[in-house]
Amino acid sequence: MPQAAAPAPALRAGSGPSTAYRCSHGSRLARLKMDDRYSSLLLRTCIAGCLLGLAATVYLLAGVAGYLRSAWLNATAAGAAAGAAAFIVIEIAAIASRVAGRGRWLWGAIVALALAQVALSLTPPIARDELTHHLAIPNLYVREGRIVGVPFAPYSYYPMLLDMLYIPWIYWEIDFVPKLVHGTFGWLTGLLIFAHLSARMNAVYGLLGFFFFASVPAVLRSMHAAYVDLGLVFYSTASLLCLVRWREEGARRWLALAACSAGFAAATKPNGLLSLALLSMVFLLSAASAGAPKRIVGAVALFGTLALIPVLPWLIKNELQTGNPFYPFLGRFFEATRDPAPGIGAAFTELGIFAKRKLLYGERWWQIAALPLRVFFSGRDHSPQYFDGVLTPLLILGLPWAFKGKWLCEKKLCIGFAALFLGYAIFLADLRVRYILPIVPPLVILLVYAVFNIYLRIGRPAYLYAGLLFFAAVNAGYLHRYAQETGAISYLAGGQSREGYLESKLAEYPAMRYVNEQTPETSKIYLLFVGRRAYYCRRRYIHDGGELPARLLRAVRQSAGPAEVAGRLRGEGITHLLVRRDLLDRYMADNLKPSELTVWSGFLERWAEKRFEGRGYAVYQLNG
């Protein structure tokens, strides 16, 4: 591999931390000679992402005001996403002229990944969080013509920055495009990594980092789902790299972009607040060495103000809708105007990570203690015990070689951010690979540094190439298996219609289709044990705030007879039940007393008429 460019001579002592790179061990600072092209690319990429965040924020404000059906508003939001996609295509195309040899091979592999991701994104949405949250809630907004509170879905009050960019496409009924919009943030992150590493070393190493990031299995999977995780990845990475540049150069443009990106990270999803907290720590560590107190105060004011602005609209929205700006969190400090998930239900939220994993999975203490390592080695899709996703051990196997040579402070910031984010994520929520994706870019950057250092020292580089090709082949195999799992090839080849594809992938879809086609438009459907996958329901619906049917259980327990159960449900406007029969029957049998079971059985016999049943799901019409 080509050698990295030599660094510029060290700055003289006393040149000031605004232009020097101060290491914690007090070593002499050195100014890096950046390649202007790649620094400019890094800057433009950060600006492109912030413009997308700005467009989404404007859409939120206009949506709350009731302008979701405005042609100008939707065209502006869609144009911002299209502009970002065009930016990515232009910049990736331009890279081809800067590399040759191995670089061309890496560039070709990245383009092939991009084409595969676009193809996979053309299938109808079937991922769980698409159907429960990231498309389902925007679909409710589209029906209302404005952004409203959704009391039965507590997660609808989370910050949903990227979801704002999905709404125009749902409004136009082109619901595969949100997958492409989400993937856009993944490719923007790849450009960040490429620009940073190319400026540090050269374009070949930049492409290697780009390829490593884009080929991580969890990233591959997220690229063609209408989630929000890659938005958080982009904004966290942009902020971290901009802080590194501000620490080195002292230019306020880097600080401003770092602050805006950190704010947009917090506006993307709840664990973006963790990113904001950690990035604020990085900023404060850098600002502490800024010299004059006036400069420190100015930097803190700028960072704090710009980081708050993207989050503030979401706090105001929640304050107006619930009385708690942080709803559904911090309820003990705020008196919310409504409870979005009233009733009775079981939850594990009070259990710590150790007790929870021991109870659910029977894991021993040493298995739980090894979670930070296991997540890289034993991830598995569709398995909560194994983190519901796949990373790669390569991200940490190179760490022993990463900290040699130059840029030691940057490397410490990368490993510090990744380690703290992973550590906090383990204890703050159920551990899912998607929840910890912001650690991937810093680890990829460290991995490329490790490859560079190994290449300089290894006697036979062929071994290094063989190892990297092996991991690339493993990830390519994962992509192939996933493409087969989704059935995308058959669908894109015309082997299935949209309806046929959805029926083959979603067991509840036939029942949903019956509801959409055979019930009155004034119907209101109560979804029970459908996993809250409500996106394809074209009638008004409700479900419980959690996974368990608290509303129904309460109605049965508080009723003297079957007719009263029907009356209570009718009193909430419910006309139909869409249920998964086996889970509902088991749950009611396990949670009702014999007298209550008699009431429940009588309700099903006399007051709930079964109108449809198929693939384990049934639709009941309430009588009376």
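These legends accompany an overall view and several close-ups of a predicted protein model.

In this predicted model, local features need pLDDT of at least 70 and side-chain atom pairs count only at pLDDT 80 or more, whereas totals for chains, interfaces and linings use all residues. Residues are numbered from 1 along each chain as its sequence is written, and side-chain values use heavy atoms, with hydrogens and water left out.

Figure 1. Helices (H or I, at least four residues) and strands (E, at least two) are DSSP runs, numbered from the N terminus. The C-alpha trace spans about 85 × 55 × 55 Å along its principal axes. Of the 624 residues, 55% are buried; here buried means under 20% relative accessible area, exposed over 50%, and partly exposed in between (1.4 Å probe, protein chains only).

**Figure 2. H543 sits in the loop between β2 (540-542) and α26 (550-557).** With 3% relative accessibility, H543 counts as buried. Its side chain makes a polar contact with the side chain of Y155 (3.5 Å). A polar contact is a pair of N or O atoms within 3.5 Å; within protein, one must be able to donate a hydrogen and the other to accept it, and residues adjacent in sequence count only if both atoms are side-chain atoms. Leaving aside neighbours within four places in sequence, H543 also touches other residues, including F152, Y526 and R551; contact means heavy atoms within 4.5 Å.

**Figure 3. S121 is buried in the loop between α3 (102-120) and α4 (128-134).** Its relative accessibility is 1%. Apart from neighbours within four places in sequence, S121 is in contact with F176, K179, L180, M223 and H224.

**Figure 4. Y327 and P328 are joined by a cis peptide bond.** Look for an omega of about 10 degrees here. P328 belongs to the loop between α14 (312-322) and α15 (353-361).

**Figure 5. E173 and R615 each show a positive phi without being glycine.** Most residues other than glycine have a negative phi, and most peptide bonds are trans. For E173, phi is about 60 degrees; this residue lies in the loop between α6 (161-171) and α7 (177-200) and counts as exposed at 70% relative accessibility. For R615, phi is near 55 degrees. R615 is placed in the loop between β4 (608-614) and β5 (617-622), where its 47% relative accessibility makes it partly exposed.
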